[in-house]
Every structure is written in C-alpha cells, then in structure tokens.
Amino acid sequence: MFWERDQKGGYGKEIQKSRKELIRDGLKELRQEMSKWKEEMDEKFAMDPVFVRPGDMDKVWVLNSKEALDQWVVTCDSDHNEGRSTAGLSLSPTGHGLFSGQLCTDPPKDGRVKRAGYCNMKSIRPRKSFKREVYLEWADYNTLEIRLRGDGRSYMLNISCAGYFDVMWNDMYSYPLYTRGGPHWQLTRIPFSKFFLTSKGRIQDKQALHTPGQGCVPRHLLW
C-alpha cells in the first residue's frame with residue numbers, strides 16, 4: 001500500500017551506457033571530484049566553525065549569471081506528454097533570473113490525464129565530492145527570504161525533505177507564495193514554522209514542525 005517503486009514516481013529516465021562509456025565519463029570527472037574532496041579536507045582540518053547571530057543573513061542563490069541558473073532545473077507537464085504548458089529560466093535584459101512560460105490547463109485528449117497545467121523550477125540537490133548527496137545546512141536559520149518581482153500569480157513554495165525510506169520520498173513542506181505583480185520588487189519573508197507537511201500534493205492530517213537541519217531542497221511550483 002505504501003511501497004514506492006521509484007523516487008521520481010515513474011517519471012525518471014534511465015540512461016543506458018556501456019561500461020566503456022561509463023569508465024570514460026568517470027575518468028573525466030575524477031579530477032574535478034578530487035579537487036572538491038581536497039577543498040572539503042582543507043575545510044575540515046581548518047576547523048573554522050560558523051557562528052550565526054540574530055539578524056544574520058546568508059545568500060544561497062543569486063540568479064544573476066548563467067552559472068547560477070545552471071543550479072536549477074525547469075520542468076512542465078509537456079515534458080511528459082501530460083499537457084501543453086511551457087516554461088524556461090533565462091537571464092532578463094537587466095541581468096536577473098527570469099522564470100517565464102505559458103500555463104495551459106487544457107488536458108490532452110488521451111483518456112488518461114484528467115488535470116493538467118503546471119510549471120516547476122527546482123534547485124539541484126547539493127552534493128559533496130564523488131556524488132555524495134547532502135542537505136542544505138539551514139539548521140541555524142528560522143526564516144526564508146525571497147526577493148522577487150512577480151506577475152500577480154500565486155505560487156507554491158515547496159521544501160523537499162525526502163527521507164531514507166521509500167514512504168518518505170515524497171514528503172515536503174509547502175507554503176503559498178503570493179506575488180503583487182507590476183514593475184516593483186517585493187521582499188517576502190516566510191518563517192519555516194509556517195510551512196505545512198504534504199505528500200504527493202496532499203496535506204497530511206498529522207503535522208510536524210519543519211526543522212531545516214533535517215534536510216531541505218527548495219523548489220518553486222507554479223499551479
């Protein structure tokens with residue numbers, strides 16, 4: 001009843017490569033991974049702890065360059081032939097990240113999909129050297145602050161907290177993000193205590209307080 005076959009819910013794509021191609025690609029990334037591992041060891045032996053005082057702010061993403069945009073993945077229902085929506089993430093003429101596209105709620109006439117219309121931008125999960133998955137270290141913070149210039153739509157801000165067991169793969173904390181629209185920038189501060197627990201888009205009856213130290217990978221979802 002609760003068993004999950006795939007972490008991506010069947011939407012993942014398995015890449016078939018020969019052993020020769022895997023060895024060749026692995027050798028290409030070995031130098032980069034060794035360099036990253038060296039930086040991790042230097043930081044560990046330096047033993048320089050991070051002290052956070054009340055009012056301190058840490059910038060995680062600043063979408064003002066192509067390298068910063070590469071840390072995000074944009075998807076929509078048309079990627080899986082389940083709708084006609086389109087979306088993209090690019091730099092605006094003023095040098096800021098621009099999430100744009102077309103949201104279409106008309107489902108395809110295939111007799112299978114009943115509802116359609118979503119566009120999503122998700123941050124790439126952080127990794128240590130040699131592709132080891134880690135979480136964002138937000139245990140010392142209590143508020144998420146976003147500076148944006150919206151279009152008047154309502155967005156859903158999700159923080160993925162996928163656990164080790166399969167029944168926790170789809171757990172995430174959500175909170176609506178309302179934008180004013182117009183030419184002016186807005187600053188939105190959302191305490192982590194405001195996020196509510198969901199799984200596969202359904203709000204759970206038993207809520208638990210979100211602790212950022214347990215792991216989080218934020219992503220924005222457009223309904």
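User: Looking at T188 first, is it buried or exposed?

Analyst: T188 has 15% relative accessibility, so it counts as buried, the cut-off for buried being under 20%. Keep in mind that this is a predicted model.

User: Which side chain makes a polar contact with T188?

Analyst: That's Q186, with a 3.1 Å polar contact between the two side chains.

User: OK, switching to charges. How many salt bridges are there in the structure?

Analyst: The structure has 14 of them. In general, oppositely charged side chains can pair when their charged atoms come close.

User: What does K131 pair with, and how far apart are the atoms?

Analyst: One partner is E29, with the closest N and O atoms 3.4 Å apart. K131 sits in the loop between β5 (127-128) and β6 (132-133), and E29 sits in helix α1 (residues 19-46), so this pair ties together parts that are 102 residues apart in sequence. K131 also forms a salt bridge with E33, and there the closest N and O atoms are 3.7 Å apart. E33 is in helix α1 too, while K131 is in the β5-β6 loop, so that pair ties together parts 98 residues apart in sequence.

User: And how accessible are K131, E29 and E33?

Analyst: K131 is at 45% relative accessibility, so it counts as partly exposed. E29 is at 35% and also counts as partly exposed. E33 is buried, with a relative accessible area of 5%.

User: What about D56, which residue does it bridge to?

Analyst: D56 forms a salt bridge with R53, and the closest N and O atoms are 3.8 Å apart. D56 counts as partly exposed at 33% relative accessibility, and R53 counts as exposed at 62%. Elsewhere, salt bridges with shared partners join K17, R24 and D25 into one network.

User: Now strands. How does β1 line up with β4, and how many bridges join them?

Analyst: Strand β1 (residues 72-76) runs antiparallel to β4, and 5 bridges join the two.

User: How many residues of β4 are buried?

Analyst: Strand β4 spans residues 119-123 and is mostly covered, with 4 of its 5 residues buried.

User: Last topic, aromatics. How many aromatic pairs turn up?

Analyst: Searching the whole structure gives 5 aromatic pairs. Among them are W61 and W138, whose ring centres are 6.3 Å apart and whose planes are at 75°, so the pair is edge-to-face.

User: Where do W61 and W138 sit in the chain?

Analyst: W61 is in the loop between α1 and α2 (66-69), and W138 is in the loop between β6 and β7 (143-148), so the pair ties together parts 77 residues apart in sequence. W61 counts as partly exposed at 29% relative accessibility, whereas W138 is buried with a relative accessible area of 8%.

User: Which residues form the aromatic cluster?

Analyst: The cluster is made up of W61, W72, W138, Y175, F192 and F195.

Terms used
Residues are numbered from 1 along each chain as its sequence is written. This is a predicted model: local features need pLDDT of at least 70, side-chain atom pairs count only at pLDDT 80 or more; totals for chains, interfaces and linings use all residues. Side-chain values use heavy atoms; hydrogens and water are left out. Buried means under 20% relative accessible area, exposed over 50%, partly exposed in between (1.4 Å probe, protein chains only). A polar contact is a pair of N or O atoms within 3.5 Å; within protein, one must be able to donate a hydrogen and the other to accept it, and residues adjacent in sequence count only if both atoms are side-chain atoms. A salt bridge is a side-chain nitrogen of Lys or Arg within 4 Å of a carboxyl oxygen of Asp or Glu. Two strands pair if DSSP finds at least two bridges between them. Rings of Phe, Tyr and Trp (its six-membered ring) pair if their centres lie within 6.5 Å; planes under 30 degrees apart count as stacked, over 60 as edge-to-face and the rest as tilted.
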